[in-house]
Amino acid sequence: MTQSHITLGAINLEARNPADLVAFWAQVTGAEPAAGGDSYYLPPNGPDGFGMFFQPESEPRAKRQVAHWDLTVPWGSRAAEVERLISLGATHKWDVLEEVAHVQWTTLADPEGNLFCIAEHPPLDQQR
């Protein structure tokens, strides 16, 4: 098998209000957004970061979100990060804390309802 060099360039989102949504995600990631007409680009915040692109909705939002992203934080910091994101405007949806030995996560929604998870992985010696 050939080794792949594919990386995530950016997550692309349509939004009812791209300016408000990029402002939320800029606070989440710590990156500085750039405007281009009625769209916005949020560059990766560092070499391990990810970019995001926000553009106006082209039609009404689907009733079911078919994909979401998992964001990872260091072990022991998930709860504090979740509280920080809620204070920025995220909505808590649910927690999965004991279902899987190698990961715990909280599912949140951004201000426009896009789901995302904040996950943490316990050190191997702390996994059940």
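**Salt bridges and the residues that form them**

Arg-84 counts as partly exposed, because its relative accessibility is 31%; buried means under 20% relative accessible area, exposed over 50%, and partly exposed in between, with a 1.4 Å probe and protein chains only. The model is predicted, so local features need pLDDT of at least 70 and side-chain atom pairs count only at pLDDT 80 or more, while totals for chains, interfaces and linings use all residues. Residues are numbered from 1 along each chain as its sequence is written, and side-chain values use heavy atoms, with hydrogens and water left out.

Side chains of opposite charge can pair when their charged atoms come close. A salt bridge is a side-chain nitrogen of Lys or Arg within 4 Å of a carboxyl oxygen of Asp or Glu, and the structure holds two of them.

In one, Arg-84 pairs with Glu-81, and the closest N and O atoms are 2.7 Å apart. Both residues belong to helix H2, where they are three residues apart, about one turn of the helix. Helices (H or I, at least four residues) and strands (E, at least two) are DSSP runs, numbered from the N terminus.

In the other, Glu-120 forms a salt bridge with Arg-78, with 3.2 Å between the closest N and O atoms. Glu-120 lies in strand S8 (residues 115–120) and Arg-78 in helix H2 (residues 78–88), so this pair ties together parts that are 42 residues apart in sequence. Both Glu-120 and Arg-78 are buried, whereas Arg-84 is partly exposed.
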